[in-house]
Amino acid sequence: MLRLVRNQELAAGQIAAHFPITQQAVSQHLRVLERSGLVAERREGTRRLYLLRPDALGPVRALLEDLWPDALDRLKHIVEEDKRRRS
Amino acid sequence: MTPDLVVTTTIGATPEEVFPYLVQPDLLLRWMGTWVDIDPQPGGTFAVDLGETQVRGTYVEVDPPHRVVFTWGIPGNEQMPAGSSTVEIVLRPEDDGTAVELTHRDLPVERLADHEKGWKNLLGILDSELRD
């Protein structure tokens, strides 16, 4: 559910279409997510639109999950390039 | 605690050739950070700036050419204060190079707990729906 609203704002009904449960159950879950600060809710007429808050899924961990693979990749290339230059 | 973050790679060089890149400031700077101040011995400083983010910690273990352990945190960051998490880098010789395994431990819980609570709540709702 969070993945659905990661990059796009969706109405509760659009989100419910992806799950084999009632729209009412999905709406209840969305309210739980909204209360815990994971998604932002916006009203447009009678529709409620939901979007994942950019800071919701653990900014520190997300940062590190990007940082370490990139860093080790750089380490690999630099070590191997230095070794080629020496030989 | 959130699960450890583990990242691996294989480098076409021996552990002896790789190790200096973990503990020599000029070599460390080439693959990590924009500024480095390190004293690679147990209790010594580990200070690296990643752009505007200051990472601060202390070396826990330096065992050439096998293992480096240092603490990692961000001063002033409530979730991850200086020295609050631990990074271990292990080098293992392989036929054609070195297996590198990096483990980042003691990561902050952040809001994943809330996320889990959300899912448990949904399962509870689903359960009651089915009973109706």
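Biologist: In this predicted model, is B:Trp72 buried or exposed?
Modeller: Buried means under 20% relative accessible area. B:Trp72 has a relative accessible area of 1%. That puts B:Trp72 under the cut-off, so the residue is buried.

Biologist: How many aromatic pairs does the structure hold over all chains?
Modeller: Rings pair if their centres lie within 6.5 Å. Over all chains, the number of aromatic pairs is 5.

Biologist: Are the rings of A:Trp68 and B:Trp72 stacked, edge-to-face or tilted?
Modeller: Their centres are 4.9 Å apart, and their planes stand at 50°. Stacked needs under 30 degrees and edge-to-face over 60.

Biologist: Is A:Trp68 buried or exposed?
Modeller: The relative accessibility of A:Trp68 is 0%. The cut-off for buried is under 20%. A:Trp68 therefore counts as buried.

Biologist: Are the rings of B:Phe46 and B:Phe70 stacked or tilted?
Modeller: The ring centres of B:Phe46 and B:Phe70 lie 4.0 Å apart, with planes at 15°. Planes under 30 degrees apart count as stacked. So this pair is stacked.

Biologist: How many residues apart are B:Phe46 and B:Phe70?
Modeller: B:Phe46 sits in strand S3 (residues 45-50) of chain B, and B:Phe70 in strand S5 of chain B. The pair links distant parts of the chain. The separation is 24 residues.

Biologist: Are B:Phe46 and B:Phe70 buried or exposed?
Modeller: B:Phe46 has a relative accessible area of 1%. B:Phe70 comes to 2% relative accessibility. Both values fall under 20%, so B:Phe46 and B:Phe70 are buried.

Biologist: Which residues form one aromatic cluster?
Modeller: Chain A contributes A:Trp68. From chain B come B:Phe46, B:Tyr59, B:Phe70 and B:Trp72.

Biologist: Which strands of chain B stand at the edges of the sheet?
Modeller: The open sheet has 7 strands in the order S1-S7-S6-S5-S4-S3-S2, with antiparallel pairing. Each edge strand has a single partner strand, so one side of each is left without a neighbour in the sheet. The edge strands are S1 (5-11) and S2 (35-38).

Biologist: What is the bridge partner of B:Val69 in S6(B)?
Modeller: S5(B) and strand S6 (residues 85-94) of chain B run antiparallel, joined by 6 bridges. In S6(B), the partner of B:Val69 is B:Glu88.

Definitions and conventions: Residues numbered from 1 in each chain as written. Chains lettered and ligands numbered in written order. Predicted model: local features only at pLDDT ≥ 70, side-chain atom pairs only at ≥ 80, totals over all residues. Heavy atoms only, no water. Phe/Tyr/Trp six-rings, centres within 6.5 Å; stacked < 30°, edge-to-face > 60°. Buried < 20%, exposed > 50% of the residue type's maximum accessible area, 1.4 Å probe, protein only. Helix = DSSP H or I, 4+ residues; strand = E, 2+ residues; numbered from the N terminus. Pairing = 2+ DSSP bridges.
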